[in-house]
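Q: Could we go through this structure together? I would like to begin with the strands and then turn to the aromatic residues.

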Amino acid sequence: MSSSENGVHVLIFPFPAQGHILPLLDFTHQLLLHGFKITILVTPKNLPILDPLLSTHPSVKTLVFSFPGHPSLPAGVENIKDVGNSGNAPIIAGLSKLRGPILEWFKAQSDPPMAIVYDFFLGWTLDLAQEVGVPGIVFYTSGALLVSVLVEIWKNFGVYRGLDLVEFNGLPNSPRFVGEHLPSVFLKFKEGDPTWEIVRDGFIANGRSFGSVFNTFEGLESEYLGFLKKEIGHERVYSIGPINLVGGPGRIGKSNVDDGANERVFTWLDECPDESVLYVAFGSQKLLTKAQMEALTIGLEKSGVRFILVAKQLTAQQEEQGYGSVPEGFEERVSGRGLVIKGWAPQIEILGHQAVGGFLSHCGWNSTLEAIVAGVLILGWPMEADQFINVWWLVDNMKTSVRVCEGPNSVPDPIELGRRISEAMSNDLFKDKAKKLRDEAFKAVKIGGSSKRDFDWIVRELTQLKS
């Protein structure tokens with residue numbers, strides 16, 4: 001199907017963080033396969049991330065605006081990877097200054113977009129969509145439980161502020177969290193600060209959008225999808241995940257490891273027994289401190305388990321700030337039983353290898369879904385953002401995962417960590433539950449599945465815009 005076939009033009013507006021851009025590009029790829037005409041809005045330094053999609057779909061147009069910047073961001077920063085989680089609010093506020101230029105662009109188009117699909121961090125876009133008279137559709141790169149928690153938090157903000165223990169009794173399963181484990185966006189919020197007010201207003205605006213699209217599936221989060229339909233007041237709450245299962249060409253990482261090194265990883269995995277290897281990685285943003293890295297490596301050594309550890313290449317400045325590299329001599333001591341990958345790793349391919357049985361992860365939403373799709377046991381070490389909420393759901397409710405540590409500054413006892421890893425990796429009951437969840441995910445995206453049905457509904461809603 002050619003991408004101009006149904007005549008409906010959609011503007012896609014991603015948030016510049018890897019965990020946000022890739023799922024939205026996967027969704028965009030699916031829209032392109034259904035004949036939509038697509039324009040993607042980015043700032044100049046984020047343009048290369050679109051390369052895999054653009055080379056597959058040359059019809060895609062890009063709308064490139066200079067990043068307006070923000071006083072608290074270093075000059076030249078346009079993506080969260082350059083500043084970490086603390087950059088979310090200033091990048092959201094900086095991008096909100098594009099409202100005027102985007103409006104001007106809309107007015108100048110002979111064939112303007114008929115809808116805007118925007119990342120949930122960019123809720124200010126909804127007002128813009130209403131001003132130009134097109135539906136604004138919010139794309140959530142997180143789970144429905146997190147969004148349910150955020151809805152409650154912003155609605156009863158004063159009640160939850162400063163509590164040591166927070167119980168959300170209005171939500172299914174009455175989630176309970178230690179106060180400091182609530183979403184970072186709430187913990188860091190500064191009332192009256194113009195930057196943070198843009199963030200809060202955007203999250204609240206998302207509840208008024210024409211439709212909400214979630215990268216999740218009913219077998220994982222049906223109760224919270226149902227809660228949000230009631231809360232929002234209509235049925236246009238769609239779960240279309242795990243999007244990496246139907247995905248597209250948007251998932252190519254930039255490897256600073258040569259292909260030979262990658263090949264060695266898979267050659268080594270081919271020689272390992274099925275489900276015997278633990279994959280250890282903490283996402284694109286998180287760096288471990290020296291003490292955490294030491295505890296982790298000793299724990300891996302003591303566990304007796306085969307493993308692959310992904311360790312970031314640190315700059316001199318990061319080492320000065322107390323972040324940790326892999327300790328000297330570690331690789332020699334675990335030679336044959338453990339591999340260290342320095343830099344980028346082909347995570348989805350590694351998780352999908354039959355030798356891998358577990359994933360020690362910070363439990364960001366994308367990593368969580370990738371583990372579920374691979375059918376591997378998750379060993380959670382949540383640190384920030386939505387991670388404590390994801391782990392609460394997987395460990396305390398679904399009982400499909402194990403918590404091995406928690407907190408951004410926690411240093412686990414290495415002997416205890418080794419014991420937990422060893423026990424988890426030899427627990428067949430948990431591994432069986434992980435496989436059942438994988439089967440649910442695959443069922444959701446197949447014909448007749450809930451995610452396939454919801455995606456078809458979105459296509460129908462959007463196609464009707466031209467009539």
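This is a predicted model: local features need pLDDT of at least 70, side-chain atom pairs count only at pLDDT 80 or more; totals for chains, interfaces and linings use all residues.

Q: Which strands form the open sheet, and in what order?
A: The open sheet is formed by 6 strands, in the order S12-S11-S10-S13-S14-S15. Their pairing is parallel.

Q: And which strands stand at the edges?
A: The edges are strand S12 (338–342) and strand S15 (402–403). Each has a single partner strand, so one side of each is left without a neighbour in the sheet.

Q: Which helix packs on that sheet?
A: Helix H13, residues 290–303, packs there and touches S10, S11 and S13. The direction of H13 makes about 160° with that of strand S11 (306–311).

Q: How many bridges join S10 to S13?
A: Strand S10 (residues 277–281) and strand S13 (residues 356–361) run parallel and are joined by 5 bridges. Within this pairing, Val280 stands opposite Leu360 of S13.

Q: Moving on to S5: how many of its residues are buried?
A: In strand S5 (residues 136–140), 5 of the 5 residues are buried, so the strand is largely enclosed by the rest of the structure.

Q: Which residues lie on each side of S5?
A: Gly136, Val138 and Tyr140 are on one side, and Ile137 and Phe139 are on the other. Both faces are covered, with all of these residues buried. In general, side chains in a regular strand alternate between the two faces of the sheet.

Q: What does S5 pair with?
A: S5 pairs in the parallel sense with strand S4 (residues 115–119), over 4 bridges. S5 also pairs with strand S8 (residues 211–214), again in the parallel sense and over 4 bridges. Ile137 of S5 is the bridge partner of Val117, while Phe139 has Val213 in S8 as its bridge partner.

Q: Where does helix H5 come into this?
A: Helix H5 (residues 125–132) makes a right-handed β-α-β unit with S4 and S5.

Q: Changing topic: how many aromatic pairs are there?
A: A search of the whole structure finds 24 aromatic pairs. One of them is formed by Phe157 and Phe189, which are edge-to-face, with 5.0 Å centre to centre and 75° between the planes.

Q: Where in the chain do Phe157 and Phe189 sit?
A: Phe157 is in helix H7 (residues 157–160), and Phe189 is in the loop between helix H8 (184–187) and helix H9 (194–206). They are 32 residues apart, and the pair links distant parts of the chain. Phe157 and Phe189 are both buried.

Q: What about Tyr279 and Phe359?
A: Tyr279 and Phe359 form a tilted aromatic pair, at 5.2 Å centre to centre and 50° between the planes. Tyr279 lies in strand S10 and Phe359 in strand S13, so the pair ties together parts that are 80 residues apart in sequence. Both residues are buried.

Q: Which residues form the aromatic cluster?
A: One aromatic cluster is formed by Phe15, Phe120, Phe121, Tyr140, Trp154, Phe157, Phe186, Phe189, Trp196, Phe203 and Phe214. Phe186 also has the charged end of Arg161 over its ring, 5.4 Å from the ring centre.

Q: And where does Arg236 lie?
A: Arg236 lies over the face of Phe210, at 4.2 Å from the ring centre.

Q: Now some single residues. Is Asn206 buried or exposed?
A: Asn206, found in helix H9, has 1% relative accessibility and so counts as buried. Beyond its neighbours within four places in sequence, Asn206 is in contact with Tyr118, Phe120, Gly123, Val138 and Tyr140.

Q: What is Ile38 in contact with?
A: Leaving aside neighbours within four places in sequence, the contacts of Ile38 are His9, Val10, Ile12, Thr28, Leu31, Leu32, Ser59, Val60 and Lys61. Ile38 belongs to strand S2 (residues 37–42) and is buried, with a relative accessible area of 1%.

Q: Lastly, where is the place of Ser239?
A: Ser239 is in strand S9 (residues 237–239). Ser239 is buried, its relative accessible area being 1%. Apart from neighbours within four places in sequence, its contacts include Phe214, Thr216, Ser450 and Asp454.

How values were computed:
Residues are numbered from 1 along each chain as its sequence is written. Side-chain values use heavy atoms; hydrogens and water are left out. Two strands pair if DSSP finds at least two bridges between them. Helices (H or I, at least four residues) and strands (E, at least two) are DSSP runs, numbered from the N terminus. Contact means heavy atoms within 4.5 Å. Axes are lines fitted to C-alpha atoms, for helices over the stretch in contact, and angles run from 0 to 180 degrees between N-to-C directions. Buried means under 20% relative accessible area, exposed over 50%, partly exposed in between (1.4 Å probe, protein chains only). A crossover is right-handed if, with the strands pointing away from the viewer, the path from the first strand over the helix to the second runs clockwise. Rings of Phe, Tyr and Trp (its six-membered ring) pair if their centres lie within 6.5 Å; planes under 30 degrees apart count as stacked, over 60 as edge-to-face and the rest as tilted. A charge sits over a ring if NZ of Lys or CZ of Arg is within 6 Å of the ring centre and within 35 degrees of the ring normal.
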